[in-house]
2 protein chains.
Amino acid sequence: MSTQMQQIVLASRPDGAPSHDNFRLESADMPTPGDGEVLVEVHYMSLDPYMRGRMDDAKSYAAPVPIGGKMEGGSAGKVIASNAPNLKEGDMVFGPFGWATHAVADAKMCRKLDPEQAPITTSLGVLGMPGLTGWHGLMAYGKPKAGETLVVAAATGPVGSMVGQLAKSLGLRVVGVAGGADKCKTAVEHFGFDACLDHRAYDDAKSLREALKAECPKGIDIYFENVGGKVLEAVIPLMRPFGRIPICGMIAWYNAGGLGENAGGAGLTAPKLWRTILVNFLSVNGFIISNHWDRFPEFINEVAPKVASGEIAVQEDITEGLENAPQAFMDLLTGGNTGKAIVKVV
Amino acid sequence: MSTQMQQIVLASRPDGAPSHDNFRLESADMPTPGDGEVLVEVHYMSLDPYMRGRMDDAKSYAAPVPIGGKMEGGSAGKVIASNAPNLKEGDMVFGPFGWATHAVADAKMCRKLDPEQAPITTSLGVLGMPGLTGWHGLMAYGKPKAGETLVVAAATGPVGSMVGQLAKSLGLRVVGVAGGADKCKTAVEHFGFDACLDHRAYDDAKSLREALKAECPKGIDIYFENVGGKVLEAVIPLMRPFGRIPICGMIAWYNAGGLGENAGGAGLTAPKLWRTILVNFLSVNGFIISNHWDRFPEFINEVAPKVASGEIAVQEDITEGLENAPQAFMDLLTGGNTGKAIVKVV
């Protein structure tokens, strides 16, 4: 076994969009698992938009990554040494291993995977945190009803594609928004959306709104919010009475610094937003999936068979090599990926 | 019986704050009730902030009052002629009689009042639409729990005082915001709030926020929203995780025209607002009480005994004479009243 491991640490905090300067690849001594711990060789590492928030030191739902600290994240890998009774060498697990080739973790923080049941990469996406986010957000706050219309952005991402496919299976009209014609094609042909609009083809929120209006002739009952910005500004006036907006992210604004500016949504003021919630009797719910892990077993029972049968389609965008994680992450924040962003580490 | 009645019509649409020019007092022929209708002599007429919205022709939850049309509103009065089997001359009723000395209405739109049980003015406030608004909004969306902290503005108004008193009775810490030292005194001494801040004593949202922070050391679990503007901007950063914001109004912004400007809440942008909802897992619900009349019997069963016993205190601000309704309404919009604004018509 190698005596060294590789990891990527936060070198400095980004001002706006992250750059390579904010990351540093380091070698470190291979850690040794203590009592109840395991040493894991990371095979696949997840890249998710929430990681951008951890790079800032703004008040949020989770503590920031400290300067010099290992970038956080969920990964799937193989147990190569165990001091825990319930995991043994060779077991495949998912856990909070961060941006690294190896990690020591409390066995209680690891979830054992069955590679026979589904490829282990699905634990990062469709059958992991993003899938649960889409399922829980849609069912608990979106409260979908057959015949209604749902709009979701980042339509080919792991959250958006889960939301759209579940909503379709429940009889809703599903309209996606994505960046680029290829992604829109994927949303319709691979994920079965009724329509998908390329937000890059519209100069401003107003023209995007006109296009959305044509695809949502009855208005929008559910806007599953994961982007903010121009899409939110386009959607807000189209919300129907008693509409629901689950909010799990706002990637368009993650790079906007203090959010003092309406980056990409300059026509939307706080009073306009607030008034729409009032006059359309909207229900708006922010949530972060880490508060709802208790729903994971129910989610897996319901969704894993649909993934196995192909009823819920999967798309993954895999980058090779830990050293390429920063670039892949920056691409993710600007929509460069199609499907769940994953780094193949080993 | 007089052959003439008086009414106030919308002469023109206001641009910002209403002025006397927007209203016109008119005489009209006394109407005659048709089949199933009654003729009512209006004794007390309600003034409510929502009426400002009806003066605009912006898209909202209700159709605007047409130019030249009678100003809408709920009133209490006496049946003086009846063509309906369930109501007879002399019955006291509440109904949508508008700004007028007399009105004909479908008997099905009238609710019979028992003046022995409670003064008929309470049908306009504490036991009427505003009371129901406070009760339903607090219970259905605020989901109060003992030990939590609630903030409500317009604390001495009929909605705010209901919300605050109910929350106190449920074991919450209740902090009001009101305009003027007298109102704050009323909130604490008459309505039993733990504290009440005079927003006029604070130049900006930031200084109001500091004062709120001192009164809400654990943060705010429920912000019952009826004003918007500076109070909202002050409150937003103090919201606790899993907080709830029922929205029933935003009077600070009603005169703001197209809401393109953050009148009195200039530091609050849409991204900041949206981000707070996300990172604090807030639940924000807009509602208008006309969608929830089905809860009225439950409300009356629960709250009427508390009003009768004095557990829920009442305060009314009564203006004499229909002709003084426009001035009283303009005063209401700038916080000139203390307690439920009512016009004594006859």
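Q: What makes A:Lys88, A:Asp91 and A:Lys112 a network?
A: In this predicted model, salt bridges link A:Lys88, A:Asp91 and A:Lys112. A salt bridge is a side-chain nitrogen of Lys or Arg within 4 Å of a carboxyl oxygen of Asp or Glu. A:Lys112 and A:Asp91 meet at 3.7 Å, N to O, so the pair passes that test. A:Lys112 lies in strand 7 and A:Asp91 in the loop between strand 4 (75-82) and strand 5 (92-95) of chain A, so the pair ties together parts 21 residues apart in sequence.

Q: What ground rules apply to these values?
A: The model is predicted: local features need pLDDT of at least 70, side-chain atom pairs count only at pLDDT 80 or more, and totals for chains, interfaces and linings use all residues. Residues are numbered from 1 along each chain as its sequence is written, chains are lettered from A and ligands numbered from 1 in the order in which they are written, and side-chain values use heavy atoms, without hydrogens and water.

Q: Why is A:Asp91 called buried?
A: Its relative accessible area is 7%. Buried means under 20%, exposed over 50%, and partly exposed in between (1.4 Å probe, protein chains only). So A:Asp91 counts as buried.

Q: Why do B:Glu26 and B:Arg24 count as partly exposed?
A: B:Glu26 has 23% relative accessibility and B:Arg24 has 38%. Both values fall in the in-between class. Their side chains also meet in a salt bridge of 3.0 Å, N to O.

Q: How do you know that A:Lys185 and A:Glu189 are about one helical turn apart?
A: They are 4 residues apart in helix 4 (residues 181-189) of chain A, which means about one turn. An α-helix has 3.6 residues a turn, so residues three or four places apart point the same way. A:Lys185 and A:Glu189 form a salt bridge, with the closest N and O atoms 3.7 Å apart. Both residues are exposed.

Q: What makes helix 3 of chain A largely enclosed?
A: 10 of its 12 residues are buried, so the rest of the structure largely encloses it. Among them are A:Pro158, A:Met162 and A:Leu166. The buried residues pack against elements including helix 2, strand 8 (149-153) and helix 9 (296-309) of chain A. Helices here are DSSP runs (H or I, at least four residues), strands likewise (E, at least two), numbered from the N terminus.

Q: Why is A:Thr121 called buried, and what does its side chain meet?
A: A:Thr121 has 6% relative accessibility, so it counts as buried. Its side chain joins that of A:Glu316 in a polar contact of 2.9 Å. A polar contact is a pair of N or O atoms within 3.5 Å; within protein, one must be able to donate a hydrogen and the other to accept it, and residues adjacent in sequence count only if both atoms are side-chain atoms. Leaving aside neighbours within four places in sequence, A:Thr121 is in contact (heavy atoms within 4.5 Å) with A:Tyr44, A:Glu316 and A:Ile342.
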